[in-house]
Amino acid sequence: MSKGAKDKPTIVIDGRVLPEQLDEQMIHDVVHGFYDEIRKDALLGPVFNSAIARHDWPQHLTKMCDFWSSLMLRSGRYDGRPLPPHLALPGLGEQHFRQWLGLFRATVQKLCQPEIAALFMERALRIAHSFRLALAYNRGENTLSVEPITADSL
């Protein structure tokens, strides 16, 4: 074992040791690759491109790298509140989350080893469900009718 690997802290997520290959560079590649696809997507591109001005994309991508770094690597770099901007988007629905998850899955499967792609997807599925519940609640809808989107249903 090299000195660098020896000094790297062991990160445990859901009782599993995080694979060493999951690092800041991989998170950068996933975030940038994913949002490249989002911006071109017929359903999601208009939503994101109307909410985020062209000149604000670099800042948004940095924020998303911080978010995923905090989530996956426990870096603590993200201190924002991701839900409020999504609550402000009119018409955001299940089809948007399904498309978001499908594009995210394609990205992590392309860029990550299967074990790491699965870790990313577990978190993405939880985030999508949490956001969908919050949207339903804020719209006065019955949250009990919001079923989680599963990877198998994508």
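Trainee: Why is Arg 74 called partly exposed?

Mentor: Its relative accessible area is 47%. Buried means under 20%, exposed means over 50%, and partly exposed is in between, with a 1.4 Å probe and protein chains only. The 47% of Arg 74 falls in between, so the residue is partly exposed. Before we go on: this is a predicted model, where local features need pLDDT of at least 70, side-chain atom pairs count only at pLDDT 80 or more, and totals for chains, interfaces and linings use all residues. Residues are numbered from 1 along each chain as its sequence is written, and side-chain values use heavy atoms, with hydrogens and water left out.

Trainee: Where does Arg 74 lie, and what is its phi?

Mentor: Arg 74 sits in the loop between H4 and H5. Helices are DSSP runs (H or I, at least four residues), numbered from the N terminus. Phi of Arg 74 is near 60°, a positive value in a residue other than glycine.

Trainee: How many aromatic pairs are there?

Mentor: The structure holds eleven aromatic pairs. Phe 34 and Tyr 35 form one of them, with ring centres 5.0 Å apart and planes at 65°.

Trainee: What makes the pair of Phe 34 and Tyr 35 edge-to-face?

Mentor: Rings of Phe, Tyr and Trp (its six-membered ring) pair if their centres lie within 6.5 Å; planes under 30 degrees apart are stacked, over 60 edge-to-face, the rest tilted. The centres are 5.0 Å apart and the planes stand at 65°, so this is an edge-to-face pair.

Trainee: How do you know that Phe 34 and Tyr 35 are buried?

Mentor: Phe 34 has a relative accessible area of 2%. Tyr 35 has 6%.

Trainee: What does Phe 34 form with Phe 104?

Mentor: An aromatic pair, edge-to-face, at 5.1 Å centre to centre with 85° between the planes. Phe 34 lies in helix H2 (residues 24-40) and Phe 104 in helix H6 (residues 94-111), so the pair ties together parts 70 residues apart in sequence. Phe 104 is buried, as is Phe 34. One aromatic cluster includes Phe 34, Tyr 35, Trp 57, Phe 67, Trp 68 and Phe 104.

Trainee: Why is the contact between Glu 24 and Arg 77 called a salt bridge?

Mentor: A salt bridge is a side-chain nitrogen of Lys or Arg within 4 Å of a carboxyl oxygen of Asp or Glu. The N to O distance for Glu 24 and Arg 77 is 2.9 Å, so the pair qualifies. This pair links distant parts of the chain, with Glu 24 in helix H2 and Arg 77 in the loop between helix H4 (57-73) and helix H5 (83-87), 53 residues apart. Glu 24 is partly exposed at 33%, and Arg 77 is partly exposed at 36%.

Trainee: Which residue does Arg 77 meet in another salt bridge?

Mentor: Asp 66, with 2.7 Å from N to O. Asp 66 lies in helix H4 and Arg 77 in the loop between H4 and H5, so the bridge ties parts eleven residues apart in sequence.

Trainee: How many salt bridges does the structure hold?

Mentor: Six. Glu 94 and Arg 98 form one, with the closest N and O atoms 2.8 Å apart. The two are four residues apart in helix H6, about one helical turn. Glu 94 has 36% relative accessibility and Arg 98 has 28%, so both count as partly exposed. Elsewhere, shared partners join Glu 24, Asp 66 and Arg 77 into one network.

Trainee: Why is H4 called mostly covered?

Mentor: Twelve of its 17 residues are buried. Among them are Trp 57, His 60, Met 64, Asp 66 and Phe 67.

Trainee: How does the reach of H4 compare with the expected span?

Mentor: H4 reaches 23 Å from its first C-alpha to its last, close to the expected 24 Å. That expected span is 1.5 Å times one less than the number of residues.
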